Amino acid sequence: MQKVKVEVEWCNKNFAATLGSNVPGCVLVTAKTYSKLQKEVKEALEFHVKGMVEDGDEVPQWLVDGEYELKWCITDTASLLQSLEGMTTIAAISRATGINERLLSHYANGIKRPSAKQRQKIVDGIHHIGKSLMSI
């Protein structure tokens, strides 16, 4: 089974996704929420493949047969934090990381970009929250 990389970024108060280079052509999808983006990427890929086949374009057989899985890659901190909406809060992430809520909000809205070290601190804090929930 092939993997199709889906790169996700936060752009103008929307999630934006592009598909990996093993999918011929260009597919770009935007949505207000991460869950809606996940649904719409699947639909857009199926529509794209169907259209390519109907147009007589060369399409890998594994793509035509649907023998692939989507590999989600959240590429920026804003989309990472935005994707957690409904599962946790900026306040909880702040407590887990020790990073000021206002600064986290700036990261979540794409106003500021964290350093690699600061991003790792955020990821570690999110993992800490997840582990705490899993222990219940």
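This is a predicted model: local features need pLDDT of at least 70, side-chain atom pairs count only at pLDDT 80 or more; totals for chains, interfaces and linings use all residues.

Biologist: What makes a residue of E2 count as buried?

Modeller: The cut-off is under 20% relative accessible area, and five of the six residues in E2 are classed as buried.

Biologist: How do you know that E1 and E2 are paired?

Modeller: Pairing takes at least two bridges found by DSSP. Strand E1 (residues 2–11) and E2 have six, so they pair by that definition, and they run antiparallel. One of the facing positions is valine 8, opposite alanine 17 in E2. The hairpin has two residues between the strands, and asparagine 12 takes a positive phi there, near 50°.

Biologist: And what makes E2 and E3 a pair?

Modeller: Four bridges join E2 to E3 (residues 28–31), against a requirement of at least two, so this counts as a pair too. The strands run antiparallel. Alanine 17 turns up again here, with valine 29 as its bridge partner in E3.

Biologist: On to the helices. Why is glutamine 82 called buried?

Modeller: Its relative accessibility is 15%, and the cut-off is under 20%, so glutamine 82 counts as buried. Glutamine 82 is in helix H3, residues 77–83. Leaving aside residues up to four places away in sequence, glutamine 82 touches Trp10, Phe15, Ala108 and Asn109.

Biologist: Which residues of H5 are buried?

Modeller: In H5, residues 101–108, they are Leu104, His106, Tyr107 and Ala108. These buried residues pack against E1, H3, H4 and H6.

Biologist: What makes asparagine 100 a cap for H5?

Modeller: A side-chain oxygen of asparagine 100 lies 2.6 Å from the backbone nitrogen of arginine 102. The limit for a polar contact is 3.5 Å, so this pair falls within it. The cap is at the N-terminal end of H5. After H5 comes glycine 110, with a positive phi near 75°.

Biologist: Last one: why are H4 and H6 called roughly perpendicular?

Modeller: The axes of H4 (residues 90–97) and H6 (residues 116–134) cross at roughly 105° and come within 8 Å. Angles of 65 to 115 degrees count as roughly perpendicular, so the label applies to H4 and H6. Ala92, Ile93, Ala96 and Thr97 make the contact from H4, with Lys121, Ile122, Gly125, Ile126, His128 and Ile129 from H6. That contact divides into six nonpolar residues, three polar and one charged.

Technical notes:
Residues are numbered from 1 along each chain as its sequence is written. Side-chain values use heavy atoms; hydrogens and water are left out. Buried means under 20% relative accessible area, exposed over 50%, partly exposed in between (1.4 Å probe, protein chains only). Contact means heavy atoms within 4.5 Å. Axes are lines fitted to C-alpha atoms, for helices over the stretch in contact, and angles run from 0 to 180 degrees between N-to-C directions. Angles under 35 degrees count as roughly parallel, over 145 as roughly antiparallel, 65 to 115 as roughly perpendicular and the rest as oblique. Ala, Val, Leu, Ile, Met, Phe, Trp, Tyr, Cys and Pro count as nonpolar, Asp, Glu, Lys and Arg as charged, and the others, Gly among them, as polar. A polar contact is a pair of N or O atoms within 3.5 Å; within protein, one must be able to donate a hydrogen and the other to accept it, and residues adjacent in sequence count only if both atoms are side-chain atoms.
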